[in-house]
Amino acid sequence: MEHYLKLRPVEKTPIWGRELWVIAAHEHGDSEILNGAWKGKTLRWLWDNHREYFGNMQGKRFPLLIKEITAEADLSIQVHPDNAYACAHENGASGKNECWYILGAREGASLIMGHNARSRQEAEEMIREGRWQDFLRQVLVKPGDFFQIDAGCIHSIKGGIRLLEIQQNSDITYRLYDYGRLDKDGKPRQLHVEKSLDVITYPAREPEPTPAAPAGSCAQPLIHTPYYQVEKLALKGEAYRLPQDRPFLCLSVLEGAVVLTEKGTAGEAVPAEGEKLEAGTHLLIPPQGDTLYLRGSGTVLVSSP
């Protein structure tokens, strides 16, 4: 079994900027494997044919989708359904919970997150009257901020923000408002107002603050949900042992440079040699008997189901 997989991102160019699906196994975007015995195959193929690489997880679909998003203009005002609604209304699809780690943000940049309506009726009135400034909540952001976006939360990434998104492997988005823009074909982009109103959480919940790192540790747990868990590593020369208790790990190097190394027999020092990972690298690591370490100086997100 390969110690790790390198994957070719799937690039998309929406009207608002640039999107890279960096770890993807979806019919709308499927990462090509770039190394090892399955070079040239796709991650979706590997999930369908070698489930042992993913801890023999059950389920029809690979559970995660990881994206790098660069917003040059505002995205649409949108909301995602939960599993029950998506299954009932989207041909058995899964819902979409997601989380965002802010990689870059111009001064004064903000996100849309949540709303001020107390009920569906009040939301309908504010939307019908075009009272978007009264209806929507904005949150100022800076690099290093982290946000959980539950299904039912109205949200939008605004221009001038770059982020990493970890989400359920779903491509279902309901657009509530899109500024009257036209798509690349010259036609208005489709809106889904009634479905949006069906799935919005009333009243909106306040966003949780970014968790603080435990004292003396380079590992900072960011979120643990039934769909994914995410941990931030701030490495400053020390070696960090990658956990082996998950079906698989997704590594995203955000800053600096780190080395992925393998430890041999018990008690042996962590070797200096290994795979050097620069910022912008994303790897998938299977469950395995070998003990793997990250060492060096940099910031890494570790995501897993």
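Q: Where does proline 203 lie?
A: In this predicted model, proline 203 sits in the loop between α5 and β16.

Q: What makes arginine 205 and aspartate 150 a salt bridge?
A: The cut-off is a side-chain nitrogen of Lys or Arg within 4 Å of a carboxyl oxygen of Asp or Glu. The side chains of arginine 205 and aspartate 150 meet at 3.3 Å, N to O, so the pair qualifies. Arginine 205 is in the loop between α5 (193-199) and β16 (219-224), while aspartate 150 is in the loop between β12 and β13 (155-157), so the pair ties together parts that are 55 residues apart in sequence.

Q: Why is arginine 205 given its accessibility label, and what about aspartate 150?
A: Exposed means over 50% relative accessible area. Arginine 205 has 53% and therefore counts as exposed. Aspartate 150, at 28%, falls between the limits of 20% and 50%, so this residue is partly exposed.

Q: How do you know that arginine 189 and aspartate 178 form a salt bridge?
A: Their closest N and O atoms are 3.2 Å apart, and the limit is 4 Å. Arginine 189 and aspartate 178 both lie in the loop between β15 (174-177) and α5, so this pair ties together parts that are eleven residues apart in sequence.

Q: Are arginine 189 and aspartate 178 buried or exposed?
A: Buried means under 20% relative accessible area. Arginine 189 has 13%, so the label buried applies. Aspartate 178 has 3% and therefore counts as buried too.

Q: What makes arginine 131 and glutamate 129 a salt bridge, and how accessible are the two residues?
A: The side chains meet at 2.9 Å, N to O, which is within the 4 Å limit. Arginine 131, at 32% relative accessibility, is partly exposed, and glutamate 129 is partly exposed at 47%.

Q: Where does asparagine 56 lie, and what is its phi?
A: Asparagine 56 lies in the loop between α1 (43-49) and β7. Its phi is positive, about 55°, although asparagine 56 is not a glycine.

Q: In what order do the strands of the six-stranded sheet come, and which stand at the edges?
A: The open sheet runs β2-β3-β7-β14-β9-β12, with antiparallel pairing. β2 (10-12) and β12 (146-149) each have a single partner strand, so one side of each is left without a neighbour in the sheet and the two stand at the edges. From one strand to the next, the twist averages 20°.

Q: How do you know that β7 and β14 pair?
A: Pairing needs at least two bridges. Eight bridges join β7 (residues 64-71) to β14 (residues 161-168), and the two strands run antiparallel.

Terms used: Residues numbered from 1 in each chain as written. Predicted model: local features only at pLDDT ≥ 70, side-chain atom pairs only at ≥ 80, totals over all residues. Heavy atoms only, no water. Helix = DSSP H or I, 4+ residues; strand = E, 2+ residues; numbered from the N terminus. Axes fitted to C-alpha atoms, helices over the stretch in contact; angles between N-to-C directions. Buried < 20%, exposed > 50% of the residue type's maximum accessible area, 1.4 Å probe, protein only.
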